[in-house]
Amino acid sequence: MLDIQKIRADFPILSQKVNGKPLVYFDNGATSQKPQVVIDAISKYYQEINANIHRGVHTLSQLATDAYEVSRGKLQHHINAKFPYEVIFTSGTTHGINAVANGFASILKVGDEVLVSALEHHSNIVPWQMLCEKTGAKLVVIPMNVEGELIISEFDKLLSEKTKIVTVNHISNALGTLNPIKYIIDKAHEVGAAVLIDGAQAVPHLKPDVQDMDCDFYVFSGHKICGPTGVGILYGKEEWLRKLPPYQGGGEMIATVSFEKTTYADLPHKFEAGTPNIAGGIVLGTAIDYLNEIGFENIQAYEHELLEYGTKKLLEIEGLKIFGTAKEKTSVISFNIEGIHPYDIGTIVDKLGIAVRTGHHCAQPIMDFYQIPGTIRASFAFYNTKEEIDIFVEALKKAQLMLS
Ligand code: PMP
């Protein structure tokens, strides 16, 4: 059992008022709030050990390098990667996907296929489209059904010898659907295709085990798991990271440079050109420690309660329709209220101190599928409460009254 009030006290922002009302933060899918330990760790880094890493012989540089590498180790254990050098620090999910898509430009040929799902965030669509434009490969889409689940029988049919990479999110940001990625990975491997899993929306809710999943790449952002913005992780199996060319050239990622030829540094540095977000990388380890202390099993059980409670309460509102009713889903409720634009609802509830996301959630193909301009998305975290859901429901009723 989680002591929610104690947890809430860890997050200074949660005791704030917004527009004169106590903040109800239901936009966790966009970014999570940060506990005091994370905020403190950022200042501690700048106050005590700020220096550039992997370069200096001086003490501070070594302290910063050690802290950065310790954090890499924490992330390695968290996702159960086999080796620390399979864990690449990036600026976030988007960076990780682009790095892999860019690498595949050296592999794909005309007629090859990239399989992407209908449930993807734009950042797991556009880099693959760009890759296909560059290489002449074809982008093929795994369709979804009205519940917001992937149609797996169609996926089976789309897979072929032409498929070179399959890219799917672990959990959909717009609908909360938990995808059957183990099945997808196994099937894709049968035809020799690589698999990238976009874990951006999964890591706040579960502890991914990349060896158990057997995915080739797994990407996520630090800011959705209580860490700072501007840092994330690209996990890649060693064989793939060795095979792919580096994404960016520059300092840190080289072994030797002359004007005739450059040789690349070993992993993970080959994929870490330039001065990284050092504080971010270190503090991501702090965030992971914090979440593991609470425990992902506890987080999941509690968020499931919030999802069930929220779904039941919201459905009591007349004319409210939920999009994304998959059997397996996380604490995300995407919905519309008949006859009212989501943006108008979002604006009114904001005046009442409630933060929700409105719009297409960077997943326009999903909105096109449902033929709607967007939804209101309430995404719950382990620090939210049922009382906040009650406040939200009352605010929605008020908005409905005003707008209809
Ligand atoms: N994929 C998914 C499923 C996401 O939810 C997000 C963030 N909304 C991203 C990718 C992109 O993450 P970032 O903007 O942190 O790179």
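In what order do the four strands of the open sheet lie, and is their pairing parallel or antiparallel? The order is E13-E14-E17-E16, and the pairing is antiparallel. Strands are DSSP runs of E with at least two residues, and helices are runs of H or I with at least four, both numbered from the N terminus. Two strands pair if DSSP finds at least two bridges between them.

The model is predicted: local features need pLDDT of at least 70, side-chain atom pairs count only at pLDDT 80 or more, and totals for chains, interfaces and linings use all residues. Residues are numbered from 1 along each chain as its sequence is written.

**The antiparallel sheet**

Strand E13 (320–323) and strand E16 (357–359) stand at the edges with a single partner strand each, so one side of each is left without a neighbour in the sheet. From one strand to the next, the twist averages 30°. Phe335 stands opposite Ile376 in E17. Helix H12 (residues 342–351) packs on this sheet and touches E14, E16 and E17. The direction of H12 makes about 155° with that of E16; axes are lines fitted to C-alpha atoms, for helices over the stretch in contact, and angles run from 0 to 180 degrees between N-to-C directions.

| Pair | Sense | Bridges |
|---|---|---|
| E14 and E17 (residues 375–379) | antiparallel | four bridges |
| E5 (residues 113–117) and E6 (residues 138–142) | parallel | five bridges |

Val114 stands opposite Leu139 in E6. From E5 the chain crosses through helix H5 (residues 126–135) to E6, in a right-handed β-α-β crossover.

**Domains and their contact**

The domain assignment, automatic or from a database, gives domain 1 (4–28 + 295–403) and domain 2 (51–292). Their centres, taken over C-alpha atoms, are separated by 29 Å. The contact takes 24 residues from domain 1 and 23 residues from domain 2, where two residues are in contact if their C-beta atoms, placed from the backbone, lie within 7 Å. On the side of domain 1 that touches domain 2, helix H11 (296–315), strand E14 (332–337) and helix H13 (364–370) give two or more residues. H11 gives the most, with four residues.

**The ligand shell**

Of the 13 residues around the ligand, Gly92, Thr94, His121, Asn173 and Ser221 come nearest; a residue is near if its C-beta atom, placed from the backbone, lies within 6 Å. The shell has two nonpolar, 10 polar and one charged residues, with Ala, Val, Leu, Ile, Met, Phe, Trp, Tyr, Cys and Pro counted as nonpolar, Asp, Glu, Lys and Arg as charged, and the others, Gly among them, as polar.

Terms used. A crossover is right-handed if, with the strands pointing away from the viewer, the path from the first strand over the helix to the second runs clockwise.
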